[in-house]
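Biologist: Could you walk me through the charged pairs in this model? I'd like to go through them one by one.

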Amino acid sequence: MRSLVKGDLVLRDHIAEDGAILVENGRILQIWEGPADIPADSVFDYRGKVIAPGFVDIHCHGSRQVLGADDPEAMWQEHAEHGTVGMLISIYRNLTFAQTMDALGRIAGAMRKYPGILGVHMEGPYLNPGLGSKQVEDTVINPEEYRAVLATGLVRQWTFAPELEGAVSFCAEIAARGVVPAMGHSCADAGEIGRAVENGARIVTHITDATGSRISPSRFAGTKEVDFDAACLLQDGLFYEIIHDKQGIHVRKDMIRLILKTVGTERVIGITDCFPGGEEGADVNFTGGELAGSRLTMDSVARNFLSLGLTLPQVFAIVSYNPARAIGYEREFGISPGCRAEFLVTDRRLQRIEVLRV
């Protein structure tokens, strides 16, 4: 079964005007960066509209109604309606080990039904308890427990704080098992971050959120220490997650511009960090007066990056290509031969988005 999809294609670094995609058995077979009229069983003619890759969200805890740990199928269905075609379900540190294993079982069942659910992002439990994880006063890296979690084969990414005792060996072990180590909820210094990177750390979890400096207050009044975020930005080869809500609450818009100016659009990843709850119409969550994730979907994340003046290829690098690349799924998602034939049909302002699965 061959299908031809026509439109303006958002590729990795440019738009191919009036291009075409040949699809066979749900995979991209060939791409033309100009008009193409070849025999096909069906033709999807969207000329005049934008054909973009679907969104990939590697940090998402739930929908606006449910936690993914509790109901991964309902979570997936809501985000899929907003253009997400690939997702990691994030499990936070506030679950016990037994609750985590139960959640992993539910997620495994959902993955068999929905291939867009790629696996799990473990956000903890090995985080700094003073930085966005106050439910736990003490953190001990437990090899017996984390190896049991790894044995499920579901974990694709794992966030930890590099300053914790045993963090380096933990990082090296999960990297050797094919899990992408991510650093976050941390006040690690440059040396600790460097050692984590040497042992496989690849992602910075929601940069500028739940981070700090080991030296606080500053050693010299009126000066700024090199904190966790700055030390991470000095590293080469890392990806940097950003929660870009419309109001700039998680990350101030000028801070996002500074991060983009420092590392470029090829290293930034847009995420939702979505949690259930919050006020209708808002895109952030507050629990007990404290910021607790967002109500974002990836289409709103994409529009928020577009509002900074980025081009469509730059935006889709951030919300599609980069997150897939960061977790090793670049051959599955994107507009490239071999990738899944799952596209977004939209306009140049991303106001109307239709999901096309061929």
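Biologist: Thanks! Is Lys 224 buried or exposed?

Modeller: First, a word on the model: it is predicted, so local features need pLDDT of at least 70 and side-chain atom pairs count only at pLDDT 80 or more, while totals for chains, interfaces and linings use all residues. Residues are numbered from 1 along each chain as its sequence is written, and side-chain values use heavy atoms, with hydrogens and water left out. Buried means under 20% relative accessible area, exposed over 50%, and partly exposed in between (1.4 Å probe, protein chains only). At 70% relative accessibility, Lys 224 is exposed.

Biologist: Which residue meets Lys 224 in a salt bridge?

Modeller: A salt bridge here is a side-chain nitrogen of Lys or Arg within 4 Å of a carboxyl oxygen of Asp or Glu. For Lys 224 the N to O distance is 3.6 Å. The partner is buried, at 16% relative accessibility: Asp 227.

Biologist: Where do Arg 303 and Asp 299 both lie?

Modeller: Helices (H or I, at least four residues) and strands (E, at least two) are DSSP runs, numbered from the N terminus. Arg 303 and Asp 299 form a salt bridge at 3.6 Å. They sit four residues apart, about one turn of the helix, in helix 8 (residues 298-306).

Biologist: Which residues are linked with Asp 8 in a network of salt bridges?

Modeller: Asp 8 is buried at 9%, and its closest N and O atoms with Arg 348 are 3.1 Å apart. This pair links distant parts of the chain, 340 residues apart. The network joins Asp 8 with Glu 17 and Arg 348.
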